[in-house]
Amino acid sequence: MSNIMSGTELLSAALMIGARLLTCGAEIYRVEESVARVCLAYGAKSAEVYAVPTAIIATICMNETDETITQTCRITQRGTDLNKVDALNNLCRSVCICPISYQQIQKEIHEIDVCSVYSNRMLYCACGGGAMFFTLLFGGSFAAGLLAFVIGFLLQIFVLFSGRLGMHPLITNLFGGMWISFCALLGAAAGVSSNYDVVIIGSIMPLVPGLLMTNSIRDMIAGDFMAGISRFSEALLIAAGIAAGAAIPLSMSQLLLGVF
């Protein structure tokens, strides 16, 4: 495979795939296995990969020259995009079966980066619909569900905007919780729905880091305790930010709206 790409290019290409898997919310075992399989498929004698949510370290030994190459990739942004995880998995499998050049891999990864299955409007409606569904599920009235839909719709606009600004997720969830709680109290004061607590609970659900918590437990079960504890701590921090944000308008409600 040496005529396709050099050892340095091979490791860079494998880490590009691994880094994007981590960024999109893939499990640690999937990231490590994907990077290792790509390296071995292109002729590496051995591949040792260590990944945590914020970094990937990989070392390969090439067959022809016995050259050992090590690279580190720092992960600064993390989120959830299961469609891209699936696309990256498919890319990993395809290059393992039929190796392609370094430039072709770069092109494939760029196409995955820019692709978007869901439009922003669809994401707005999905977040609003999720908030409405959970509000109705927890016993809220139809009016409370409509209020939750509006809150969730506008919440997703804020989340996407804060993501473009590079805002820290903790700050995003803090202000998101404040927005949800304030709007629910405002709706109660306006007579839309007196059950503002149900509206708050339902509207908060799209912010809850469910996949992050699930992956942290999955990583710990698989023996990746460092990654699992790290992700679990991140999930707790996000949950604390949401709770703190929601608590601020509630604690000030007597002064702001006279609800109590």
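Colleague: Let's start with F153: what is its relative accessible area?

Modeller: Bear in mind that this is a predicted model. Buried would take a value under 20% and exposed one over 50%. F153 is partly exposed because its relative accessible area falls between those limits, at 26%.

Colleague: Which helix holds both F149 and F153?

Modeller: The two phenylalanines sit 4 residues apart, about one turn of the helix. F149 is partly exposed too, at 27% relative accessibility. The element that holds both F149 and F153 spans residues 142–165 and is helix α6.

Colleague: And what is the angle between the planes of F149 and F153?

Modeller: In general, you describe a pair of aromatic rings by the distance of the centres and the angle of the planes. The count for the structure comes to 4 aromatic pairs. F149 and F153 make one that is 6.2 Å centre to centre. Stacked needs under 30 degrees and edge-to-face over 60, so this pair goes down as tilted, with its planes at 35°.

Colleague: Which residue joins F149 and F153 in one aromatic cluster?

Modeller: F149 and F153 already form a pair with each other. The cluster holds them plus one further residue, Y124.

Colleague: Moving to the pocket, which helix gives the largest share of its lining?

Modeller: The largest pocket has about 2200 Å³ of space and a lining of 50 residues, with R78, G79, T80, D81 and V159 lying nearest its centre. Several helices each supply at least two lining residues, among them α1 (7–23), α3 (82–97) and α10. The largest share, 7 residues, comes from α6.

Colleague: How far is A240 from L174 in space?

Modeller: A240 belongs to helix α10 (residues 225–251), and its relative accessibility of 42% makes it partly exposed. Along the sequence, A240 and L174 are 66 residues apart. Going C-alpha to C-alpha, the separation in space is 8.4 Å.

Colleague: What about the strands: which residues of β3 point to the buried face?

Modeller: Side chains alternate along strand β3 (residues 68–74).

Colleague: Last one, on cysteines: how far is the nearest cysteine sulfur from that of C125?

Modeller: A search of the whole structure turns up 0 disulfides. C98 is in none, with the sulfur of C96, the nearest one, 11 Å away. C125 is partly exposed at 39% relative accessibility. A disulfide would need the two sulfurs within 2.5 Å, but for C125 the nearest cysteine sulfur, that of C127, is away by 10 Å.

Notes:
Residues numbered from 1 in each chain as written. Predicted model: local features only at pLDDT ≥ 70, side-chain atom pairs only at ≥ 80, totals over all residues. Heavy atoms only, no water. Buried < 20%, exposed > 50% of the residue type's maximum accessible area, 1.4 Å probe, protein only. Phe/Tyr/Trp six-rings, centres within 6.5 Å; stacked < 30°, edge-to-face > 60°. 1 Å grid on protein atoms, 1.4 Å probe; cavity = no way out; pocket = protein on both sides within 12 Å on 5 of 7 lines; lining within 4 Å. Points joined across faces, edges and corners; volume = space filled by probe spheres on them.
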